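Below is a brief report on one model. The sequence and structure come first, then the reading of them.

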Protein chains: 2
Amino acid sequence: MKEKTREQYEARAKIAKAMAHPSRLLMLDLLQKQEMCVNDISEKVGADQSTVSKHLSILKDVGLVGSRKEGTLSYYRVTCGCLDGFFSCMETVLLSDLEGRRLSVK
Amino acid sequence: MKEKTREQYEARAKIAKAMAHPSRLLMLDLLQKQEMCVNDISEKVGADQSTVSKHLSILKDVGLVGSRKEGTLSYYRVTCGCLDGFFSCMETVLLSDLEGRRLSVK
DNA sequence: TTCCATATTGGCAATATCGCCATATTTGAA
DNA sequence: TTCAAATATGGCGATATTGCCAATATGGAA
């Protein structure tokens, strides 16, 4: 493991870790379509407001979402334009995995 | 959270979780370039052979890598062709995050 | 068979994540 | 200022992840 790239893998892992939760993936989907405040997200996700707030801060820490304040409300949104590629790759993996389990390479 | 898509987010989260580790990301990089056996990977990664074996089984469980046996050796390789998109998106996020921290949207 | 190299699996302690409750904090309205 | 709504943060038990050291397959060679 090279000295210089170890940090890079850790940085990448942070991003992957931020996405490694069903609720956070749902949030990313929602916030890609439109800006939303915490309470609305909380209802959509079906988790406690404090839980959602923490999830959002995790996403924000790695730069996947941004936020702005308007009065007492915090509006969050996705700041990166390449998530679709992410998700479609995931779908590809899921599909090919289903096929692969029936075929040669296990 | 819609009934039907919850499982889908969990399936995606599994994949993200599988990638959410520096060593596993390094392994994916290595195994994308060439097929490798456990011991060689272990040396490259700098972790115990049993640790690497477990990492590999995590990657294999979600269908990111496949393996074949040749004698006593197990050769692993990446089975999905869309990882580059994954990684380049991660780099994009990392870069834009650095810029974003100096600018408006926090 | 016995021996050796490779790989996988158990077990376990250390650490991290998760989600709720309770408690700040912030902002606008009264 | 006092109150209420929206968010953020502390804290804590429950659960999951991590990585090493055994211990256990597994296969080839002697």
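A:Arg12 and B:Asp29 are both buried. This is a predicted model. A:Arg12 forms a salt bridge with B:Asp29, with 3.9 Å between the closest N and O atoms. Over all chains, the count of salt bridges is ten. A:Arg12 sits in helix 1 (residues 3–19) of chain A and B:Asp29 in helix 2 of chain B, so this pair joins two chains.

How buried is each partner? A:Arg12 has a relative accessibility of 10% and counts as buried. B:Asp29 has a relative accessible area of 16%, which is also buried. Leaving out residues up to four places away in sequence, B:Asp29 touches A:Tyr9, A:Arg12 and B:Phe87.

B:Glu91 is partly exposed, at 21% relative accessible area.

B:Arg12 counts as buried at 11% relative accessibility. A:Asp29 counts as buried at 15%.

## The interface of chains A and B

The size of an interface is often given as the accessible area lost when the parts come together. Chain B and chain A bury about 3700 Å² between them. Carbon and sulfur atoms carry 68% of that area. In residues, 42 of chain B are in contact with 42 of chain A.

How many salt bridges are there between chain B and chain A? The count is four. Six residue pairs are in polar contact across the interface of chain B and chain A, both residues at pLDDT 80 or more. On chain B, the side that touches chain A draws at least two residues from each of helix 1 (3–19), helix 2 (22–33), helix 3 (38–45), helix 4, strand 2 (65–70) and helix 5 (83–100). By class, that side of chain B has 24 nonpolar, six polar and twelve charged residues.

## A buried strand residue in chain B

B:Val65 is in strand 2 of chain B. B:Val65 is buried, with a relative accessible area of 3%. Beyond its neighbours within four places in sequence, the contacts of B:Val65 include B:Leu28, B:Leu31, B:Leu56, B:Leu59 and B:Tyr76. B:Thr79 is another residue in contact with B:Val65. The two are 14 residues apart along the chain, yet their C-alpha atoms are separated by 5.0 Å.

Sugar or phosphate accounts for 63% of the atoms of DNA strand D within 4 Å of the protein, and bases for the rest.

DNA strand C also has 21 residues around it, and B:Asn39, B:Gln49, B:Ser53, B:Lys54 and B:Tyr76 come nearest. Helix 4 of chain A, with helix 3, helix 4 and strand 3 (73–78) of chain B, each supply at least two residues of the surface near this strand. That surface divides into four nonpolar, twelve polar and five charged residues. Within 4 Å of the protein, 64% of the atoms of DNA strand C belong to sugar or phosphate.

| Protein group | DNA group | Distance |
|---|---|---|
| A:Val38, polar backbone atom | DNA strand D, phosphate oxygen | 3.2 Å |
| A:Gln49, side-chain N or O atom | DNA strand D, base nitrogen | 3.0 Å |
| B:Arg24, polar side-chain atom | DNA strand D, phosphate oxygen | 3.2 Å |
| A:His21, side-chain N or O atom | DNA strand C, phosphate oxygen | 3.1 Å |
| A:Arg24, polar side-chain atom | DNA strand C, phosphate oxygen | 3.3 Å |
| B:Ser74, polar backbone atom | DNA strand C, phosphate oxygen | 3.3 Å |

Conventions:
Residues are numbered from 1 along each chain as its sequence is written. Chains are lettered from A and ligands numbered from 1 in the order in which they are written. This is a predicted model: local features need pLDDT of at least 70, side-chain atom pairs count only at pLDDT 80 or more; totals for chains, interfaces and linings use all residues. Side-chain values use heavy atoms; hydrogens and water are left out. A residue is near a molecule or strand if one of its heavy atoms lies within 4 Å of it. A polar contact is a pair of N or O atoms within 3.5 Å; within protein, one must be able to donate a hydrogen and the other to accept it, and residues adjacent in sequence count only if both atoms are side-chain atoms. Contact means heavy atoms within 4.5 Å. Buried area is the accessible area (1.4 Å probe) that two parts lose on being put together, summed over both. A salt bridge is a side-chain nitrogen of Lys or Arg within 4 Å of a carboxyl oxygen of Asp or Glu. Helices (H or I, at least four residues) and strands (E, at least two) are DSSP runs, numbered from the N terminus. Ala, Val, Leu, Ile, Met, Phe, Trp, Tyr, Cys and Pro count as nonpolar, Asp, Glu, Lys and Arg as charged, and the others, Gly among them, as polar. Buried means under 20% relative accessible area, exposed over 50%, partly exposed in between (1.4 Å probe, protein chains only).
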